[in-house]
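Please read the points with the viewer open.

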Amino acid sequence: MDTNIVEVINVTREVAWLPWAVQYFLLIGLSVGGVLLSLPGYAFARDGWRKLGRVALLVALTCGLAAPVALLSDLHQPGRFWHFYVVFRPTSWMWWGSVFIPFYVAGLLAYAWACFREEFQEQGRVDSRLAAFYRLVALGGGRNDRLIRITGVVVLVGAALVALYTGVEVAVVKARPLWHTPFLPVQFLMTALVGAAGLVLVLNRFAAVSDRAVEAQANRLLAGFLGAVMVIGGLWLALGLFGLERTHAEALDSVAHSEAWRVTAVWAVLATVVPFVIAVAKPMGTGLLTGLIAVHSAWMFRWTVFIGGQTVPKTGAGFYEYALPAGPDGLLGILGTAGLCFFLLLVITAFLPTPRRPAPRPFSAAHTADRAVAAAE
């Protein structure tokens, strides 16, 4: 009897986590970051943070409502989501995510309502077509700092659980040294704060009153978050370069001979250092530029971790190739998620009361006379 021997050298794997996963991790991170940036102005009732907190809450709402849609799409068959609720799997971080995400979104909606309740009440007194709607939403009450603090605690707990789950469910994968590090959850959180501060800067320009004080405040926060990202990245790199931790050394060794990964590393450094320098040197007048770079930096980190990480084979030599498809599982999906965020932002800002622009400061008579004398001279 003849015997055929088949020798298997390696098996090429397709990426399991598609760009939908990148979009989900980006959006949920931006939402959590937006919640954290809104807390000083609302939950802690610090008036100097109130305007920034309002824009940050827009970020949290828009991204928090869009993120679960991207996650369902990444299941390849969205109808599978109910399996999480009929099968008890407490040993799975993904199962815990199916519990944490609804809790977080519900807490976010309650917190946002408590924060905007004062605006709803004030707008309900104005003669407009939506006055009855605003009175109904306000439920007969206005600003209630105690209610804001209570709902703020609830959403903060939800945000902490979501941040923990999204980081740990990737970091527990021991087969990929690039993922298996306790630094990853922290890096996810800090880059989420970078992206949230960046999106605050962008929305402050286009979806708010373009307040220059908010721009300077958000740029200073952005610089602080970027500095923290550089410190954490430097610690991760040092552990690998000096062989102080085996997993980090293996992670660096797995990509050391890749030109594409070297280019990505340079790109990541520039996307961190450039907005940091601009935000520190000129915090006013640069918000749109630093904001766009910051959002890009947060997205790029997740793309590199998920898509780039899956191109490094668990066994064998070389790297897997990944080409972004044009359909729903690729470019169209990314554009669709961005379109959903834009749609949600339009709906939210259409129904929220429009913030009043500060009135121009009137000149006193003496000041006017002084200016006239100066002009005559």
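**Notes on the predicted model**

1. Overall make-up. The protein has 13 helices and zero strands. Helices (H or I, at least four residues) and strands (E, at least two) are DSSP runs, numbered from the N terminus. Along the sequence the pattern reads α-α-α-α-α-α-α-α-α-α-α-α-α.

2. Ground rules. This is a predicted model, in which local features need pLDDT of at least 70 and side-chain atom pairs count only at pLDDT 80 or more, while totals for chains, interfaces and linings use all residues. Residues are numbered from 1 along each chain as its sequence is written, and side-chain values use heavy atoms, with hydrogens and water left out.

3. The protein has 377 residues, and 45% of them count as buried. Buried means under 20% relative accessible area, exposed means over 50%, and partly exposed lies in between (1.4 Å probe, protein chains only). Take the contacts in the protein with a separation of 6 or more: residues 24 or more positions apart account for 76% of them. A contact means heavy atoms within 4.5 Å.

4. Helices α8 and α9. Two packed helices are described by the angle between their axes and the distance between the axes. Here α8 (residues 212–241) packs against α9 (residues 246–255) at an angle of about 90°, and the axes are 7 Å apart. That makes α8 roughly perpendicular to α9. The classes are these: under 35 degrees is roughly parallel, over 145 roughly antiparallel, 65 to 115 roughly perpendicular, and the rest oblique. Axes are lines fitted to C-alpha atoms, for helices over the stretch in contact, and angles run from 0 to 180 degrees between N-to-C directions.

5. Who makes that contact? On the α8 side it is Trp-236, Leu-237, Leu-239, Gly-240 and Leu-241. On the α9 side it is His-248, Ala-249, Ala-251 and Leu-252. The residues of the contact of α8 with α9 divide into seven nonpolar, two polar and no charged. The classes put Ala, Val, Leu, Ile, Met, Phe, Trp, Tyr, Cys and Pro as nonpolar, Asp, Glu, Lys and Arg as charged, and the others, Gly among them, as polar.

6. Gly-240. This residue lies in helix α8. Gly-240 counts as buried, at 8% relative accessibility. Leaving aside neighbours within four places in sequence, Gly-240 is in contact with His-248, Ala-249 and Leu-252. Glu-250 is 10 residues from Gly-240 along the chain, and their C-alpha atoms are separated by 7.5 Å.

7. Val-137. Look in helix α5 (residues 131–138) for Val-137. Not counting residues up to four places away in sequence, Val-137 touches Trp-113 and Phe-120. From Val-137 to Gln-121 is 16 residues in sequence and 8.2 Å in space, C-alpha to C-alpha.

8. Salt bridges. How many salt bridges does a search of the whole structure find? The search finds six. A salt bridge is a side-chain nitrogen of Lys or Arg within 4 Å of a carboxyl oxygen of Asp or Glu. Arg-50 and Glu-118 meet in one of them, at 3.8 Å, N to O. This pair links distant parts of the chain, 68 residues apart: Arg-50 is in helix α2 (residues 50–74) and Glu-118 in helix α4 (residues 93–124). Arg-50 is buried, at 15% relative accessible area. Glu-118 is partly exposed, at 23%.

9. Two further salt bridges. Lys-51 pairs with Asp-211, with the closest N and O atoms 3.2 Å apart. This pair also links distant parts of the chain: Lys-51 is in helix α2, Asp-211 in the loop between α7 (183–206) and α8, 160 residues apart. Lys-51 counts as partly exposed at 47%, and Asp-211 as buried at 12%. Arg-143 forms a salt bridge with Asp-145, the closest N and O atoms being 2.9 Å apart. Arg-143 is partly exposed at 37%, as is Asp-145 at 25%.

10. Cysteines. The structure holds zero disulfides. A disulfide is a pair of cysteine sulfur atoms within 2.5 Å. Cys-63 is buried at 3% relative accessibility, and Cys-341 is buried at 13%.
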